Amino acid sequence: MLFILKDNADTSQFIEKIKMSSASYKYVDLDGRRVVVAWPDKYVEGIADESIAMKVKVQTPFQLASKTWRDKTVVNVDGVEIGSRKVVVAAGPCAVEDESSVIEVAKAVKRVGASMLRGGAFKPRTSPYTFQGLGIKGLEILKKAKEAIGLPIVTEVLDTRNVTLVASYADMLQIGARNAQNFALLKEVGKSGKAVLLKRGMWMTVDEWLSSAEYILLEGNSKIVLCERGIRTFERATRFTLDITGMVYAKTQTHLPIAVDPSHPAGRRDLVEPLALASIAAGADMLLIEVHNNPEKALSDSEQQLTVKEFEKLMERLKLIAEAVGRTI
Ligand code: PEP
Ligand code: MN
């Protein structure tokens, strides 16, 4: 049960009533809106108090992420708004490999309309024998790229022990698909107060994905963008199956903005553009696209990273789709 409290009201009596009910509860301040989540519902159903502005019985396992109490959240990442009319494109290499190539790609993607730079310093690789990322050195390179080019940075954090470190370099923390149910990590990025790009695990239902967002929200952090990146299905011809259905459904369930990563489900560069176009047509608020200055030589995801030229063409086509659905790029 959600209790949305009146601004400035004295809540001490209400909190006493919650305590008396033996319910579990958490008080959170989400962008200045004071909310108490209390569970199980049956313990608190009868509670009334002067300080309550709205009481919402949410029927889904996720409560704070639910659209039942809030229509829309716009996430501000260093001045870039995600979830408003403008579609945000974050582009850059799969992994940060060296300074000059990151700067080159950052310049190029900015020139053709990207508003954020992506790039992994800590890489979650399936095999321990493949390139694991440059770590802190990679973060330093991202920082330099930001200073030189001015695009806000989104980069992945893999480990609770590194949240403070990565948060001191990044404007947005990426939780990768493989960590989408790492609850300790979700709580930690919640506490950091930084904007979070929460990927959907390739095994997760939409409800499970939104429940992961709930862990971050419960720490008082509503700066969350959900990111669909493909799920595992029986289809083996592509790397993953981009679940547009799930993305569209998620939008009916949550106030949080939604991104799509067309690069990882595609697994090959010729499929990236059509998947990106479909995502924007279907209502995605943001795209996360892998672009490399020399994809053939890339140390990870070489097959799916776009050249700068391909990315430029994609952006041109994207503008037409965005316009057709009443948005801008
Ligand atoms: C990435 O975007 O760099 C990445 C590793 O993606 P995912 O977690 O979706 O596999
Ligand atoms: Mn990648």
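Reader: Which strand is joined to strand 7 (residues 88-92) by five bridges, and runs parallel to it?
Author: The model is predicted, so local features need pLDDT of at least 70 and side-chain atom pairs count only at pLDDT 80 or more, while totals for chains, interfaces and linings use all residues, and side-chain values use heavy atoms, with hydrogens and water left out. Residues are numbered from 1 along each chain as its sequence is written, and chains are lettered from A and ligands numbered from 1 in the order in which they are written. Helices (H or I, at least four residues) and strands (E, at least two) are DSSP runs numbered from the N terminus, and two strands pair if DSSP finds at least two bridges between them. With five bridges, the parallel partner of strand 7 is strand 14.

Reader: Which residue of strand 14 stands opposite Val 260?
Author: Strand 13 (residues 258-260) also runs parallel to strand 14, and two bridges join them. Val 89 stands opposite Leu 287 in strand 14, and the residue opposite Val 260 is likewise Leu 287.

Reader: Is Gly 150 buried, exposed or partly exposed?
Author: Gly 150 has its place in the loop between helix 4 (136-149) and strand 9 (153-156). Its C-alpha atom is separated by 9.2 Å from that of Leu 117, 33 residues apart along the chain. Because its relative accessible area is 46%, Gly 150 is partly exposed.

Reader: About how much space lies in the largest pocket?
Author: On a 1 Å grid over the protein atoms alone, a pocket is an open set of points with protein on both sides within 12 Å along at least five of seven lines, a cavity is a set where a 1.4 Å probe fits but cannot get out, and lining residues have an atom within 4 Å of a point. Of the 25 lining residues of the largest pocket, Pro 124, Arg 178, Arg 239, His 264 and Asp 301 lie nearest its centre. Grid points are joined across faces, edges and corners, and a volume is the space filled by probe spheres set on the points; for the largest pocket this is about 360 Å³.

Reader: Which helix supplies the largest share of the lining of the second largest pocket?
Author: About 190 Å³ of space lies in this pocket, and its lining includes Val 37, Trp 39, Ser 211 and Tyr 215. Strand 3 (33-39) supplies at least two lining residues, but the largest share, three residues, comes from helix 7.

Notes. Buried means under 20% relative accessible area, exposed over 50%, partly exposed in between (1.4 Å probe, protein chains only).
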